[in-house]
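Please look over the sequence and the structure first.

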Amino acid sequence: MGWLTQRRGGAERNMSFQEKSLWAATAPELESFADRPLAERTDVVVVGGGYTGLSAALRLAKLGARVSVLEQETIGWGASSRNGGMVLTGHKHGIGEITQALGVTRARELWNASLAALETVATIVQEEAIDCDFARSGHMDAAYKPAHVKGLEATHELLEREFDYATRLVPRARMREELGTDVYYGGLVDERSAGLHPAKYVRGLASAAQRAGAELHDETAVMEIEKADDGFRVKTARGTIVTRNVIAATNGYTGRATPQLQKRIIPLGSYIIATEPLDPQLARKLIPNNRMIFDTKNFLYYFRRSPDDRIVFGGRAAFFPATPDTVRESAHILRKGMLKIFPEVTAYPTGYAWGGTLGFTFDMYPHAGQADGIYYAMGYGGHGVALATYLGQQLANRIAGQAWDNPFEGMPFPTMPLFWGNPWFLPFAALYYRFLDWVS
Ligand SMILES: Cc1cc2nc3c(=O)[nH]c(=O)nc-3n(C[C@H](O)[C@H](O)[C@H](O)COP(=O)(O)OP(=O)(O)OC[C@H]3O[C@@H](n4cnc5c(N)ncnc54)[C@H](O)[C@@H]3O)c2cc1C
């Protein structure tokens, strides 16, 4: 339980909130996968039990492979049960930036992969009958400054001209049709994106993978991965597994077991609060079309309604991976930000506050492939719900000798001198981005 000072009618009062993910707290519990005996030998060991690892395991098991998923905490414990549940088209870089950097042909490949990723989530949810509130309610990018409207217009035109893809500009005068606030200067709506309950989704994926024959293990931290004649010896605190293939699906939590990946992934904290449930009429007034919303700041806010009509409001309030202190401090900052946008929410206390770790990369693109023989997919930034599901499945296809799509094929996976996984430079980056939000 944490304490937060909230203002109501000018008066300050202390209120408590639960320091845990709303989603993890409101999804049906998974059975425990701890204490199960480890296989001595298997075809594939998957390190990490989030969307990437479970989607790979589901596909591999369906293709007939023996697969063991090893998770150091509990299945789904990482970002996959803590995120905003926004299943978005596109990537961390805007489509304009991608086109400028890589050319239109390559940009089309990346754009189409993001659409395929979204459809992969929809297909898995349907085929596996995962009850996770999946709804194609669309997303809106909201202009935080008048100058940002031009950027939204450029994206809209580019998508139509080069990608044959329709989005809709919302002028300021009509923003109330999309958001119950006058804070933003315009918006760009993409109807294809979706929302879901992230913890129900990850737990549903786990159940589906298990039904298909994958072996899941909680509390099984991988400490070392050693090359062996016919593959790898994967050493855990609970024993060693010999395997032909390994998938590193550890994203923002990548550690010393895969040092070659650890020095390429920047762990970045992102934080969310959820209010107590709103009067349903007020919830519909604030976010009428149930869109997933994010804004155009570098230090962006992202927000939505939960299926039970809370406002779920996130941002990079502190850069460092979550600790109880950063969660409490971020809850305070995020609530202030939320009330500026939706003052009517003042009457509804914060019910939950939590944080999670994103995996960022130095070029801000995800990466997938093989390093020292270990398969990996990671670095999704805040765009991992769809892409992690997709790349997990694609890695499984690759291992099973099937056709696979790696939209990031051929892109070097950069690192930085003096970086070994501890992001000492983040305070400088934070200052830089705050400065950009101030001047641009
Ligand atoms: C607060 C927040 C909000 C976000 N919002 C969105 C959003 O709205 N939309 C979106 O698309 N994306 C969002 N993301 C990003 C998205 O959640 C992630 O990209 C996605 O969940 C990554 O899935 P994953 O399986 O690769 O990694 P994770 O779910 O993080 O799983 C990695 C797992 O690996 C385990 N692990 C690490 N090392 C070891 C080891 N040595 N041995 C065993 N296990 C190990 C960890 O314990 C962890 O459970 C958000 C992320 C955060 C943190």
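This is a predicted model: local features need pLDDT of at least 70, side-chain atom pairs count only at pLDDT 80 or more; totals for chains, interfaces and linings use all residues.

Residues are numbered from 1 along each chain as its sequence is written.

The protein holds 11 helices and 20 strands, where helices (H or I, at least four residues) and strands (E, at least two) are DSSP runs numbered from the N terminus. Its radius of gyration is 21 Å, close to the 22 Å that the globule rule gives for 440 residues, so the protein is as compact as a globular protein of that length; the radius is taken over C-alpha atoms, and the rule is 2.2 Å times the number of residues to the power 0.38. The C-alpha trace spans about 65 × 50 × 45 Å along its principal axes.

An open sheet is formed by 8 strands in the order β7-β8-β6-β15-β16-β17-β14-β18, with mixed pairing; two strands pair if DSSP finds at least two bridges between them. Its edge strands, β7 (168-171) and β18, each pair on one side only. Within the sheet, β16 (residues 301-305) and β17 (residues 311-315) pair in the antiparallel sense over 5 bridges, and Tyr302 stands opposite Gly314 in β17.

| Helix | Strands it lies across | Angle |
|---|---|---|
| α5 (residues 148-163) | β6 (139-142), β7 and β8 (186-190) | about 25° to β8 |
| α9 (residues 324-341) | β14, β16, β17 and β18 | about 110° to β18 |

The ligand is surrounded by 44 residues, of which the closest are Gly50, Gly78, Gly84, Gly356 and Gly384; a residue is near a molecule if its C-beta atom, placed from the backbone, lies within 6 Å of it. The elements giving two or more residues to this shell are α2 (51-62), β14 (266-275), β18 (350-360) and α10 (384-399), and the largest share, 4 residues, comes from α10. By type, the shell divides into 19 nonpolar, 22 polar and 3 charged residues, with Ala, Val, Leu, Ile, Met, Phe, Trp, Tyr, Cys and Pro counted as nonpolar, Asp, Glu, Lys and Arg as charged, and the others, Gly among them, as polar.

How values were computed:
Two residues are in contact if their C-beta atoms, placed from the backbone, lie within 7 Å. Axes are lines fitted to C-alpha atoms, for helices over the stretch in contact, and angles run from 0 to 180 degrees between N-to-C directions.
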